Amino acid sequence: MKDPDAGVLGVSILEGARFSCQGTGACCSGYVYGPIEDAVVRAVEGHRFTENAEHIHGPEGAFEVVDIDGEPTRVLRRVGPRCVFLGADNLCVIHKELGARAKPALCRAYPLNVALAPDGIAYVSLNMECGGFHVGCDGAPLEETLPDDLPVLLAHPTMVVPEVVRIDGDITVDFEDALALEQTWLADLEIDAVGPATLLRALAVRMVRPQDGPAITPARGWAPANAHPIVTALVPWAEEERQVALAEGNLVDVELHRRVGVAAEAWLAEQAPRGTPGLQAGDAGDRLTRLHLQNVIFGKALHKAPTLMAGLGLEVVKLDLAMRLALLLAGEAPVTPAEVNEGLRTLNRCLRPSGLASLGDEVVECCERVVRALADEA
Ligand code: SF4
């Protein structure tokens, strides 16, 4: 374990990770963007923008102060769901008129995740909420593009990994052991002869019986029949969130939560009461699902759930619903990479770990049961 005052000792980038921005503007709409640094405010106020000038230089200004976790926080003002700086062409006018480095740090860092671990290493992976990920994932290797933004990234870690990691209610492991487990999970994901359903089962076996070898037997689907209580809880939850978003005028979240509700209802209609085989992602979905899982594991995002097992269970349910959303968007099979990406993006965005926590202990336990059931089936 490193000396706590030693700072970041190194950077580890997910092997093979690539990304290039596709300029969809999806990440600049429907979020609250802040806190915003003084330097950005000075740069913006010292420039007369040609685009969006009526909003940026209008009476309401470009920034506003909102309450975030009880703290007054300066954020970018939104016009409807869109950032005040998002041009009609879905590109950032700060970037266009002042250059990439003038943008707020959080905009420069997106869609990268940085997990600061107890070994002093900053682990860098990708956030698949990005609307253009299905194309951007074939862009430039991260190790070539990252250096420019590295100081910004390291100053804004997405999460701090704890020294002790809880696998399920009874089992905890030191971070080093969790890291070793993670290497075996990532190795499982390298096996590209099988689909995500099989890989999820292999991950579940690793989680429940870490001493067992990989159980790579092709599975038809991930069929999380045990997910019934989670999906049942999702229907009213998505509607509640949709109403909150409606009251706030956040039309992006209104639509995303509506979709989650529709997908959950479709799941319940088809899956209840006995369960049917889970959906196959198909070729388009397999690759994106695999990339998603690699990034989730490497980005230590599973650690954000109360237990690793609950995190994996949530991913299983999320992926099943994401494929259902992709089918709903497509109208009929086969789905395209764009539809799979949109399904994943919607679920990633709506069903955050904080969403999982708000669904209560019973749902967390249910996520863990999903993993145990998958491991038993494998
Ligand atoms: S400042 Fe630019 S990059 Fe940041 S959210 Fe607004 S439009 Fe997007």
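Helix axes are lines fitted to C-alpha atoms over the stretch in contact, and the angles between them run from 0 to 180 degrees between N-to-C directions. In this predicted model, helix α9 (residues 196-208) and helix α13 (residues 308-330) pack at about 165 degrees, with axes 11 Å apart. Angles over 145 degrees count as roughly antiparallel. Helices α9 and α13 are therefore roughly antiparallel to each other. The crossing of α9 past α13 is left-handed. On the α9 side, the contact is made by Pro 196, Leu 200, Leu 203, Ala 204 and Met 207. Helix α13 contributes Leu 308, Met 309, Leu 312, Val 316 and Leu 319. By class, the residues in this contact of α9 with α13 are ten nonpolar, no polar and no charged.

Helix α9 also packs on helix α16 (residues 361-377). The axes of α9 and α16 come within 8 Å and cross at roughly 105 degrees. The two helices are therefore roughly perpendicular to each other. From α9, the contact takes in Leu 200, Arg 201, Ala 204, Val 205, Met 207 and Val 208. From α16, Val 371, Arg 372, Leu 374, Ala 375 and Glu 377 take part. Eight residues of the contact between α9 and α16 are nonpolar, none is polar and three are charged. Leu 200, Ala 204 and Met 207 of α9 are listed in the contact with α13 and in the contact with α16.

A further partner of α16 is helix α10 (residues 228-248). Helices α10 and α16 pack at an angle of about 140 degrees, and their axes lie 8 Å apart. That angle makes α10 oblique to α16. Helix α10 passes α16 in a left-handed crossing. Pro 229, Ile 230 and Ala 233 of α10 meet Glu 362, Val 363, Cys 366 and Cys 367 of α16. The contact of α10 with α16 has six nonpolar residues, no polar residue and one charged residue.

The strands come next. Four of them form an open sheet with mixed pairing, in the order β1-β7-β6-β8. Strands β1 (10-13) and β8 (159-160) are the edges, and each pairs on one side only. Strands of a sheet pair through backbone hydrogen bonds, either parallel or antiparallel. Strand β1 pairs with strand β7 (residues 121-126) in the parallel sense, over four bridges. Gly 10 has Ile 121 in β7 as its bridge partner. Strands β6 and β7 pair in the antiparallel sense, over five bridges. Here Leu 112 is the bridge partner of Leu 126 in β7. These two strands, β6 and β7, form a hairpin with four residues between them. In the turn, Gly 120 has a positive phi of about 85 degrees. Strand β6 (residues 112-116) and β8 run parallel and are joined by two bridges. Ala 115 stands opposite Met 159 in β8.

The model also holds a ligand. The residues around the ligand include four cysteines, Cys 28, Cys 83, Cys 92 and Cys 107. Tyr 33, Leu 76, Phe 85, Leu 86, Ile 94, Lys 103 and Pro 104 are also around the ligand. By class, the shell around the ligand has ten nonpolar residues, no polar residue and one charged residue. Lys counts as charged, and Lys 103 is among the residues of the shell.

How values were computed
Residues numbered from 1 in each chain as written. Predicted model: local features only at pLDDT ≥ 70, side-chain atom pairs only at ≥ 80, totals over all residues. Near = placed C-beta within 6 Å. Parallel < 35°, antiparallel > 145°, perpendicular 65-115°, else oblique. Left-handed = near helix turned anticlockwise from the far one by under 90°. Contact = placed C-beta atoms within 7 Å. Pairing = 2+ DSSP bridges.
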